[in-house]
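This report is an introduction for a reader who has not seen the structure before.

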Amino acid sequence: MIAERIVDFMLPNVECLGCKLANKMDPVHVIYEDAQVCCFLDIEPFNEGHTLILPKKHFLDVEELDPLTANAIMKASIKISKALKHLFAPDGISVCQNGGQFNDLAHYHMHLIPRFQGQPFYNEAEIDNTKEKQNLKETKTNLIKQLHVDQWRD
Ligand SMILES: [Zn+2]
């Protein structure tokens with residue numbers, strides 16, 4: 001039933017932190033959103049601009065995503081990757097998602113992580129991201145501006 005599906009879509013799982021974040025029931029630094037996804041800055045950024053893309057509807061793993069949501073996630077990742085490249089000129093962007101036991105949010109999310117040569121990437125030890133954490137508001141403003149600029153460039 002279409003009506004049931006709409007209701008299902010409109011009601012996030014309030015027990016799930018990812019649903020709350022994606023539907024802005026908890027404070028987040030949103031840089032982009034559409035009907036399916038919410039994209040905001042990771043509060044523990046690996047580098048400045050580290051972004052998370054979350055579906056507004058609850059999913060855990062990538063294979064559960066419906067085609068509409070999967071497309072929205074990929075489109076948002078393309079849009080935001082362009083903005084990250086224009087703004088921070090990283091040597092590359094790592095796109096990753098952790099499934100099952102490794103999904104620390106228990107809600108599907110894709111990471112977009114700007115990276116620089118010579119910087120160790122995978123390390124389970126703590127990283128010093130004090131500066132990136134302090135800059136979250138400024139990073140958000142800059143990324144939103146860049147997304148607007150890019151909109152007219154392509
Ligand atoms: Zn959820």
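## Terms and overall layout

The model described here is predicted.

The protein has five helices and five strands. Starting at the N terminus, these elements follow one another as α-α-β-β-β-α-β-β-α-α. Of the 154 residues in the protein, 30% are buried. For contacts between residues at least 6 apart in sequence, 64% join residues that are at least 24 apart.

## The sheet

The five strands form an open sheet in the order S1-S2-S3-S5-S4, and the pairing is antiparallel. From one strand to the next, the twist averages 20°.

Strand S1 covers residues 30-33 and pairs with S2 in the antiparallel sense over three bridges.

## Strand S2

How many residues of strand S2 are buried? Five of its five residues are buried, so to describe S2 (residues 37-41) as mostly covered is in keeping with the cut-off of 20 or more other C-beta atoms within 10 Å. Val 37, Cys 39 and Leu 41 point one way from the strand, while Cys 38 and Phe 40 point the other way. The residues on both sides of S2 are buried.

On its other flank, S2 pairs with strand S3 (residues 51-55), again in the antiparallel sense, over five bridges. In this pairing, Cys 38 stands opposite Leu 54 in S3.

## Helix H5

Helix H5 consists of 18 residues, 136-153. At 1.5 Å a residue it should span 26 Å, and its end C-alpha atoms are 25 Å apart, which agrees. Thr 139, Leu 143 and Gln 146 are buried in H5. Viewed down the axis of H5, its buried residues fall within an arc of 65°, so they line one face of the helix. An α-helix has 3.6 residues a turn, so residues three or four places apart point the same way.

What does the face of H5 turned away from its buried side carry? That face carries the exposed residues Lys 137, Glu 138, Thr 141, His 148, Val 149, Gln 151 and Trp 152. The buried residues of H5 pack against S1, S2 and helix H3 (67-88).

## Helices and sheet together

Helix H3 lies across S1, S2, S3, S4 and S5, and it runs at about 15° to S5. H5 also packs on the sheet, where it touches S1 and S2, and its direction makes about 35° with that of S1.

Two packed helices are described by the angle between their axes and the distance between the axes. H3 and H5 pack at an angle of about 110°, and their axes are 9 Å apart. That angle makes H3 roughly perpendicular to H5. Where the helices meet, H3 contributes Lys 79, Lys 82, Ala 83, His 86 and Leu 87. On the side of H5, the residues are Asn 142, Leu 143, Gln 146, Leu 147 and Asp 150. Leu 143 and Gln 146 are also among the buried residues of H5.

## Two loop residues with positive phi

Lys 24 lies in the loop between helix H2 (17-22) and S1. Its phi is near 55°, which is a positive value in a residue other than glycine. Is Lys 24 partly exposed or buried? Lys 24 is partly exposed, because it has 13 other C-beta atoms within 10 Å.

Ala 106 is found in the loop between strand S4 (92-96) and strand S5 (110-115). The phi of Ala 106 is near 55°, a positive value in a residue that is not glycine. Ala 106 has 16 C-beta neighbours inside 10 Å and therefore counts as partly exposed.

Note on methods: Residues numbered from 1 in each chain as written. Predicted model: local features only at pLDDT ≥ 70, side-chain atom pairs only at ≥ 80, totals over all residues. Buried ≥ 20, exposed ≤ 12 C-beta atoms within 10 Å, placed from the backbone. Helix = DSSP H or I, 4+ residues; strand = E, 2+ residues; numbered from the N terminus. Pairing = 2+ DSSP bridges. Expected span 1.5 Å × (residues − 1). Arc of directions from axis to C-beta. Contact = placed C-beta atoms within 7 Å. Axes fitted to C-alpha atoms, helices over the stretch in contact; angles between N-to-C directions. Parallel < 35°, antiparallel > 145°, perpendicular 65-115°, else oblique.
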